[in-house]
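Here is a structure to explore through a few questions. Each answer works toward one name or value.

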Amino acid sequence: MLLDQITKSLAALDKEETISLTVQAILEGVPPQKTIMHGLFPGLEEVTKRYKKKNHLYPDLYKASIIYQDALAKIKHQIISMETDPAVWGVIGLVSGDMQDFGKNIVHMTLESNGFNVKDLGKSVPKEEFVHAAREGANFIAISIMTYEGVEEAKKVVQALKDAGLRPQVKVIVGGAGVSAQKADSIIGADGYAEDAGEVVEFLKVFFRVSKPC
């Protein structure tokens with residue numbers, strides 16, 4: 001199957017083959033979101049898993065992310081033409097003190113490729129910036145947590161939203177190496193927890209009733 005071939009080629013870090021197969025998917029009329037979520041993203045995820053098991057070095061992980069981005073660029077015109085809800089927007093960022101942004105960047109790219117309007121606040125984001133986004137009308141806040149200390153920082157973000165009277169109007173979803181589903185709920189008080197970028201997309205699609213991929 002074409003999507004499986006895309007997954008395997010990206011997992012093998014074969015840029016030329018990945019791009020060629022992605023273009024083929026476009027020509028065959030495969031929906032862009034399906035190409036991303038069932039072709040490109042699983043390939044990137046496979047490289048990430050190998051990296052975590054120390055079967056890949058960081059340069060391999062970086063190369064995989066570049067292939068992923070280049071393939072997305074090939075179908076961006078299709079993504080832009082898709083109808084999305086312009087009223088739904090949000091922000092993403094690493095909590096204060098956290099600096100490793102590879103995972104956050106992938107979530108950001110994946111959200112954008114699925115039609116979400118999302119602003120990247122960057123690394124080590126003070127809680128005040130998340131609160132400011134909520135004041136500006138953000139519908140969701142995606143927080144990346146890479147360290148144990150980051151869990152406490154995320155808890156401070158949620159508390160700051162409560163103190164400002166903004167908590168009911170914004171959904172908070174967290175993820176990253178430093179957090180678990182249990183911590184997301186019992187310590188941070190987030191609305192959702194995601195293990196990967198695909199789960200972030202699905203959480204937001206379900207909550208905001210954005211049409212699912214074909």
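**The largest pocket**

Q: Which helix gives the largest share of the lining of the largest pocket?
A: This is a predicted model. Several elements each supply at least two residues of the lining, among them helix H5 (102-113) and strand S4 (171-175). The largest share is seven residues, and its source is H3.

Q: How much space lies in the largest pocket?
A: The pocket is lined by 31 residues, and those closest to its centre include Thr48 and Glu195. The lining divides into 19 nonpolar, six polar and six charged residues. The space in the largest pocket is about 730 Å³.

Q: Is Lys104 buried or exposed?
A: Lys104 forms a salt bridge with Asp120, with the closest N and O atoms 2.8 Å apart. Lys104 sits in helix H5 and Asp120 in strand S2 (residues 117-125), 16 residues apart. Buried means under 20% relative accessible area. Lys104 has 3% relative accessibility, so this residue counts as buried.

Q: Which residues do salt bridges that share partners join into one network?
A: Arg167 and Asp191 meet in a salt bridge at 2.9 Å, N to O. Asp191 also meets Lys171, at 3.8 Å, N to O. Through shared partners, the network joins Arg167, Lys171 and Asp191.

**A surface patch**

Q: Which residues make the nonpolar surface patch of about 310 Å²?
A: One of them is Tyr51, which lies in helix H3 (residues 32-52). Tyr51 counts as partly exposed because its relative accessibility is 33%. The patch is made by Tyr51, Tyr58 and Tyr62.

Methods
Residues are numbered from 1 along each chain as its sequence is written. This is a predicted model: local features need pLDDT of at least 70, side-chain atom pairs count only at pLDDT 80 or more; totals for chains, interfaces and linings use all residues. Side-chain values use heavy atoms; hydrogens and water are left out. Patches are made of residues with over 30% relative accessible area and no salt bridge: like charges are joined within 9 Å, nonpolar side chains (Val, Leu, Ile, Met, Phe, Trp, Tyr) within 5 Å. Accessible areas come from the Shrake-Rupley method with a 1.4 Å probe; for residues, only the protein chains shown count as cover. A salt bridge is a side-chain nitrogen of Lys or Arg within 4 Å of a carboxyl oxygen of Asp or Glu. Helices (H or I, at least four residues) and strands (E, at least two) are DSSP runs, numbered from the N terminus. Buried means under 20% relative accessible area, exposed over 50%, partly exposed in between (1.4 Å probe, protein chains only). On a 1 Å grid over the protein atoms alone, a cavity is a set of points where a 1.4 Å probe fits but cannot get out, and a pocket is an open set with protein on both sides within 12 Å along at least five of seven lines; lining residues have an atom within 4 Å of a point. Grid points are joined across faces, edges and corners, and a volume is the space filled by probe spheres set on the points. Ala, Val, Leu, Ile, Met, Phe, Trp, Tyr, Cys and Pro count as nonpolar, Asp, Glu, Lys and Arg as charged, and the others, Gly among them, as polar.
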